[in-house]
Amino acid sequence: MPNLNGRSKVMKHNSRALITAAIRRQGPISRVQLEKVTGISRTHVSDVVDELIADGTLMEFGSVSNRPGRPRVLLCINPEGPAVAGVWLAADGIQIAVASPDGGILSRGEIDYATCTSSSEAAVAAIADGVRKCADKAGRRLERLQGVGIAVSGWVEPVLNVIRRT
């Protein structure tokens with residue numbers, strides 16, 4: 001029997017991503033408009049939006065009343081909300097950035113591969129320290145980061161832990 005709790009978590013995660021992406025693309029948008037552009041039910045949109053507002057990712061921006069009835073509250077990405085970190089393992093070094101939820105780069109850092117070639121553990125520790133420093137420089141608490149994405153440039157040899165070609 002499938003794990004419904006696990007499936008529910010995946011669905012909620014996907015809904016959060018769809019709603020956040022729609023707001024990034026469309027700009028300030030109402031819950032009713034989110035229902036239309038995402039295909040997610042009104043009730044589920046409302047529940048997910050309430051969670052995103054509570055965790056600081058979204059904020060209510062204003063309202064619009066272009067038809068009879070209650071004005072529609074517009075939602076937008078909260079630029080002061082939880083930040084994210086990005087790590088790019090490039091051929092010539094490691095680039096790290098911390099960005100606000102609206103995509104603005106708050107801080108950047110760089111690590112030279114020469115400083116962390118002794119072992120893969122040393123490289124991971126250097127990356128973690130770099131993310132920590134970038135978060136501090138951005139004025140964001142490390143434990144409030146929404147996530148860390150890692151991109152690798154080129155073909156990687158996993159046994160040797162090296163980037164072969166970009």
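Helices (H or I, at least four residues) and strands (E, at least two) are DSSP runs, numbered from the N terminus. The model is predicted, so local features need pLDDT of at least 70 and side-chain atom pairs count only at pLDDT 80 or more, while totals for chains, interfaces and linings use all residues. Residues are numbered from 1 along each chain as its sequence is written, and side-chain values use heavy atoms, with hydrogens and water left out.

**Surface patch**

Strand β7 (residues 148-152) gives three residues, the largest share, to a nonpolar patch. The patch consists of Val148, Ile150, Val152 and Val156, which together have about 320 Å² of accessible area on the surface. Patches are made of residues with over 30% relative accessible area and no salt bridge; like charges are joined within 9 Å, and nonpolar side chains (Val, Leu, Ile, Met, Phe, Trp, Tyr) within 5 Å. Accessible areas come from the Shrake-Rupley method with a 1.4 Å probe, and for residues only the protein chains shown count as cover. Ile150, found in β7, is exposed at a relative accessible area of 56%. Here buried means under 20% relative accessible area, exposed over 50%, and partly exposed in between (1.4 Å probe, protein chains only).

**Strands β4, β5 and β6**

In strand β5 (residues 94-99), five of the six residues are buried. Strand β5 pairs with strand β4 (residues 84-89) in the antiparallel sense over six bridges, and six bridges also join β5 to strand β6 (residues 105-111), again antiparallel. Two strands pair if DSSP finds at least two bridges between them. Ala97 of β5 is the bridge partner of Gly86, and Ala97 also stands opposite Arg108 in β6. The hairpin from β4 to β5 passes through four residues. The hairpin of β5 and β6 has five residues between the strands, and Gly103 in that turn has a positive phi of about 95 degrees.

**Thr38 at the end of helix α2**

Thr38 belongs to helix α2 (residues 31-38) and counts as buried, with 17% relative accessibility. A polar atom of the Thr38 side chain lies 2.6 Å from the backbone oxygen of Leu34. A polar atom of that side chain is also 3.2 Å from the backbone nitrogen of Ile40. Leaving aside residues up to four places away in sequence, Thr38 touches Leu18, Ile19, Ala22 and Val45, where contact means heavy atoms within 4.5 Å.

**Salt bridges**

Side chains of opposite charge can pair when their charged atoms come close. A salt bridge is a side-chain nitrogen of Lys or Arg within 4 Å of a carboxyl oxygen of Asp or Glu, and the structure holds ten of them. The table lists some.

| Pair | N to O distance |
|---|---|
| Arg16 and Asp55 | 2.6 Å |
| Arg42 and Glu35 | 3.0 Å |
| Lys133 and Asp129 | 3.2 Å |

The side chains of Arg16 and Asp55 meet in a salt bridge. Arg16 lies in helix α1 (residues 4-26) and Asp55 in the loop between α3 (42-54) and β2 (58-64), so the pair ties together parts that are 39 residues apart in sequence. Arg16 is buried at 19% relative accessible area, whereas Asp55 is partly exposed at 22%.

Arg42 is exposed, at 52%, and Glu35 partly exposed, at 23%. Lys133 and Asp129 both sit in helix α4 (residues 120-138), four residues apart, about one turn of the helix. Lys133 is exposed with 54% relative accessible area, and Asp129 is partly exposed with 32%. Elsewhere, salt bridges with shared partners join Lys12, Arg16, Glu51 and Asp55 into one network.

Terms used: Polar contact = N/O pair within 3.5 Å; in protein donor to acceptor, adjacent residues only side chain to side chain.
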